Every structure is written in C-alpha cells, then in structure tokens.
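Thanks for asking me to look this one over. Here is the model, with my comments after it.

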Amino acid sequence: MPTSEALAPTALDAALLPRPFRVVATRDETADTATMWLEPSDGETLRFAAGQFTMIGVPGRGEVPISISGDPREPVLLQHTVRAVGDASGALARVAVGDVVLVRGPFGTGWDVQRAAGSDVLIVAGGIGLAPLRPALLDVLAERERYGRVALLVGTRMPDQLLFVDEVQEWRSRLDLEVLVTVDAAAPTWRGRVGLVTGLLPVADWDPAQAHAFVCGPEVMMRLTAEAVVHAGADPSRVRVSMERNMKCGVGLCGHCQLREHFVCTDGPVFDYDVLAPLMTVRGL
C-alpha cells in the first residue's frame with residue numbers, strides 16, 4: 001500500500017499540471033498579435049525571471065510555449081504577448097476578458113540581466129522577439145544606475161507590426177535609453193529607418209569591448225545579429241539569444257525541442273551565443 005508520502009505531489013507533478021488563469025484584460029498589438037493579462041484563479045502568484053516561458057493554452061485547443069512579456073517585479077498579473085500562427089496560438093490571440101486559459105510553468109533559463117551590471121547593454125529585437133526581451137529591458141530600467149549605456153534596437157517587417165507602440169514612444173523619451181527602430185519595407189509616408197536591424201549596430205551608442213547583448217527574433221535574424229555583434233568586438237559569452245523550438249512538456253522529457261545535446265525547454269530558451277554558435281549554422285538542427 002503506498003504511503004501518503006509516496007502519494008504526495010512532486011515538483012515534476014506540479015510542472016505537468018496546468019493551473020487555470022482568468023483573462024482580466026487584453027490589447028491588440030497588431031493585426032495578428034495580442035497581449036493578455038492573466039489572474040491566477042487560485043490566487044497564487046506565478047513568479048518568473050525575465051526570459052522564462054510558460055506552456056499556455058485554451059482548454060480543448062492545445063497548449064504552446066510562450067515567453068512571458070510582463071515585468072518580473074510585478075508578477076501579480078501574468079502577461080503574455082501572442083502571435084496567431086496556428087490553432088492553439090490563434091485561440092490564445094482571440095481570448096476575451098473573463099475567459100479561462102491553462103498555464104504551466106514558468107520554465108527554462110532567463111536573460112540573467114544582473115550579469116551585465118557595470119557594462120553597456122545592447123538589446124536587439126526582431127518582430128515578436130521584442131515580447132521576450134521586454135522583461136529584460138524593464139529589469140535594466142528598474143536599476144538603471146547599475147548599467148552603462150543602454151540601447152534598444154528593434155526591427156520589424158512593416159511599421160504596423162511594431163509591438164508596444166505607446167511604450168516604445170515612452171522609452172524613446174528617456175534620456176538614459178537609446179531606442180532605434182527600423183523596418184524592412186514601408187510606404188513613402190514612413191519617416192523612420194528602412195533596412196535590417198543589423199544596420200543599426202554601427203549607429204547605436206555602445207562599446208562592443210565591454211557590452212552585454214541580448215538578442216531575440218527569427219532564428220536567422222538572431223544568427224546574423226549575434227555574428228555582427230561578435231564581429232564588432234563583443235565577447236561571444238556576453239551575447240545571449242533566446243531560441244524557439246517545438247516544446248511540448250517543458251521539463252525535458254518528450255524530446256521535441258532537442259537541439260543536439262541540448263533541450264531548449266530546460267537548457268534554454270536563453271543560451272550564451274558561444275554555446276549555440278556551432279549549432280546555428282548546421283542544417284537540420
């Protein structure tokens with residue numbers, strides 16, 4: 001007969017058991033992307049580190065890994081920014097206030113922003129990659145005096161695909177933060193920069209020799225950006241990137257997110273670039 005101790009829930013049980021969260025607010029970011037604010041139905045705050053993700057889904061529609069886009073210092077409401085790219089993420093992007101979603105986590109590694117204390121900070125986002133990087137930037141801004149120069153470089157395909165528009169404008173007004181935005185293509189009425197986000201690196205005010213860089217976006221964008229940052233003189237061990245892979249369990253059991261010897265859900269999603277550099281150019285990994 002099993003003892004009560006043997007029947008007690010383990011940490012693994014807790015990681016695999018979804019918790020219900022109620023949607024308390026939503027905001028459309030773009031035509032296919034929305035931000036939601038979630039309140040735990042059981043009242044237990046979900047604390048997280050910048051860069052971590054949860055497995056989240058609408059009941060009956062499956063779950064997907066989504067990086068947390070909220071402020072780590074204000075975890076009472078869980079914040080996620082979701083782009084509709086499939087059935088599960090599409091259902092999440094369409095939730096309404098009062099709906100219930102199921103959440104597991106948080107999982108994975110974080111940006112480890114504290115490691116950059118005393119150095120310049122370069123944050124480079126491509127498209128939806130600004131959502132996982134937002135908590136890192138908020139961490140830096142909360143203790144701004146601990147860091148050197150801070151630059152946020154953002155690239156999107158079109159102007160109407162920029163996330164957190166009002167917040168980006170607010171960040172631009174700060175005297176202690178440089179914000180540069182570029183788009184791949186735009187109408188003649190667009191007065192901003194046009195071109196790849198890597199084109200902003202020579203323009204930004206940062207010292208590669210002592211900077212820490214945080215990069216998130218499409219995989220090819222991260223590879224090219226990380227290569228350019230290192231080529232400019234940055235130490236590869238001071239460059240971090242966040243990988244997106246097909247994570248299913250979140251705890252390294254299913255193998256869906258295996259990247260050669262690494263599991264993205266447990267060894268990542270945030271990796272030092274010197275770890276990933278040999279893998280990011282290998283076809284099929």
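The numbered points below go through the sheet, the cores, the ring pairs and one serine.

1. A word on the source before anything else: this is a predicted model, so please read each point below as a description of a prediction.

2. Let's start with the sheet. Seven strands make up an open sheet with mixed pairing, in the order S10-S9-S8-S7-S11-S12-S15. The edges are held by S10 and by strand S15 (270–272); each has a single partner strand, so one side of each lacks a neighbour in the sheet.

3. Strand S8 (residues 150–156) pairs with S9 in the parallel sense over six bridges. The chain gets from S8 to S9 by way of helix H5 (residues 165–172), and this β-α-β crossover is right-handed.

4. Which residues have the most contacts inside the largest nonpolar core? They are Leu-122, Leu-153, Val-229, Val-239, Met-243 and Leu-276, in a core of 35 residues. Several elements each supply at least two residues of this core, including strand S7 (120–126), S8, strand S11 (211–216) and helix H6 (219–231). H6 gives the largest share, with four residues.

5. Leaving out neighbours within four places in sequence, Leu-122 is in contact with Ala-151, Leu-153, Leu-201, Trp-206, His-212, Ala-213, Phe-214 and Val-229. Another core lies apart from this one; it has 31 residues, among them Val-113, Ala-116, Ala-136 and Val-181.

6. Now for the rings: there are two aromatic pairs in the structure. Phe-53 and Phe-107 have ring centres 5.7 Å apart and planes at 50°, so this pair is tilted. It links distant parts of the chain, with Phe-53 in strand S3 and Phe-107 in strand S6 (residues 100–107), 54 residues apart. Both Phe-53 and Phe-107 are buried.

7. In the other pair, the ring centres of Trp-111 and Phe-214 are 5.8 Å apart with the planes at 80°, so the arrangement is edge-to-face. This pair also connects distant parts of the chain: Trp-111 sits in the loop between S6 and S7, Phe-214 in strand S11, 103 residues apart. Trp-111 and Phe-214 are both buried.

8. One more ring deserves a look. The charged end of Arg-134 sits over the ring of Phe-164, 5.7 Å from its centre.

9. Finally, is Ser-119 buried or exposed? Ser-119 is in the loop between S6 and S7, and its relative accessible area is 8%, so it counts as buried. Not counting residues up to four places away in sequence, Ser-119 touches Tyr-147, Gly-148, Gln-210, His-212 and Arg-238. The C-alpha atoms of Ser-119 and Gly-148 are separated by 5.1 Å, although the two residues are 29 residues apart along the chain.

Definitions and conventions:
Residues numbered from 1 in each chain as written. Predicted model: local features only at pLDDT ≥ 70, side-chain atom pairs only at ≥ 80, totals over all residues. Heavy atoms only, no water. Pairing = 2+ DSSP bridges. Right-handed = clockwise from strand over helix to strand, strands pointing away. Core = buried A, V, L, I, M, F, W, Y, C linked by side-chain atoms within 4.5 Å. Buried < 20%, exposed > 50% of the residue type's maximum accessible area, 1.4 Å probe, protein only. Contact = heavy atoms within 4.5 Å. Phe/Tyr/Trp six-rings, centres within 6.5 Å; stacked < 30°, edge-to-face > 60°. Lys NZ or Arg CZ within 6 Å of the ring centre and 35° of its normal.
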